[in-house]
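Reader: Walk me through the contacts, rings and pockets here. Keep it brisk.

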Amino acid sequence: MGGGSRALSLSSLCATTLAAARAPAPFLAPTHRALLPLRLAAAMSSSSSSPAPAASGDAAAPAPAPSNAIDFLTLCYRLKTTKRAGWVKRGVQAPESVADHMYRMGVMALVAADLPGVNRDRCVKMAIVHDIAEAIVGDITPSDNVPKEEKNRMEKEALDHMCELLGGGPRAQEIRELWMEYENNASLEAKVVKDFDKIEMILQALEYEKEQGRDLEEFFQSTAGKFQTDIGKAWAAEIASRRKPK
């Protein structure tokens, strides 16, 4: 993604990318928003640098070095400044950010009733990880006409570079595994969290309808019949019951 990035030093690209992450930015098209961080990704893929060494006495489960952790968290700041594209495109005022969306999904997992065979803690973790790659690629929606395979490739590449920025190790591996499990709908936890993803969206749509007098029926229609779990179906029905009759 931009062959010229290999001529620049990794340190300068890191500095530029992290500086950009610190500065709030207006909504940009996903392709534009992705260019700078993915230049860093291209350089990192060709770099010979290795992850930070494990701290002595903790070789079994090394934590990220402070510099890796802060660089990673600084990049995650973009999740707080990246607005959810669906609301932006519908002209919603003061739309939520990607971080807002993931946070309430995490709370959903926390307050949900215990479900047979479902690990609640894993659901909470998965909820706060599932959109993390959007710190680099932005919020790609169906209206962007990006093929599903290409979207997945872009996000996985972004995730790999974020895990490398974190310094590798068990924390990065856990993030990668949670993200892949969610993407592949590969467990009961993934099915629950995918339902929470839809639930959070239609709950937010209901709130925008009430606050801003908008008709956001398309968001409800896009989730109809797609819930995989009993809790997803029950919560969706409760939200639907609170909408004003059209």
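Reader: Leaving aside neighbours within four places in sequence, which residues is S97 in contact with?

Author: This is a predicted model: local features need pLDDT of at least 70, side-chain atom pairs count only at pLDDT 80 or more, and totals for chains, interfaces and linings use all residues. Residues are numbered from 1 along each chain as its sequence is written, and side-chain values use heavy atoms, without hydrogens and water. S97 is found in the loop between helix 5 and helix 6 (helices are DSSP runs of H or I, at least four residues, numbered from the N terminus). Its contacts (heavy atoms within 4.5 Å), those neighbours aside, are L79, K80, T82, K83 and R84.

Reader: Is S97 buried or exposed?

Author: Buried means under 20% relative accessible area, exposed over 50%, and partly exposed in between, with a 1.4 Å probe and protein chains only. S97 has a relative accessible area of 2%, so S97 is buried.

Reader: What kind of aromatic pair do W87 and F219 form?

Author: Rings of Phe, Tyr and Trp (its six-membered ring) pair if their centres lie within 6.5 Å; planes under 30 degrees apart are stacked, over 60 edge-to-face, the rest tilted. A search of the whole structure finds 3 such pairs. W87 and F219 lie 4.4 Å apart, centre to centre, with 35 degrees between the planes: the pair is tilted.

Reader: How many residues apart are W87 and F219?

Author: W87 is buried at 1%, and F219 is buried at 8%. W87 lies in helix 5 and F219 in helix 12; the separation is 132 residues.

Reader: Why is the pair of F196 and W235 stacked?

Author: F196 lies in helix 11 and W235 in helix 13 (residues 230–241). The ring centres of F196 and W235 are 5.4 Å apart and the planes are at 20 degrees, so the pair is stacked.

Reader: What is the volume of the largest pocket?

Author: On a 1 Å grid over the protein atoms alone, a pocket is an open set of points where a 1.4 Å probe fits, with protein on both sides within 12 Å along at least five of seven lines; lining residues have an atom within 4 Å of a point. Grid points are joined across faces, edges and corners, and a volume is the space filled by probe spheres set on the points. The largest pocket is lined by 30 residues, and its volume is about 1,200 Å³.

Reader: Which helix gives the most to the lining of the second largest pocket?

Author: The second largest pocket holds about 300 Å³. Among its 17 lining residues, F72, I128, V129, I132 and I175 are the closest to its centre. With 4 residues, the top contributor is helix 10.

Technical notes. Helices (H or I, at least four residues) and strands (E, at least two) are DSSP runs, numbered from the N terminus.
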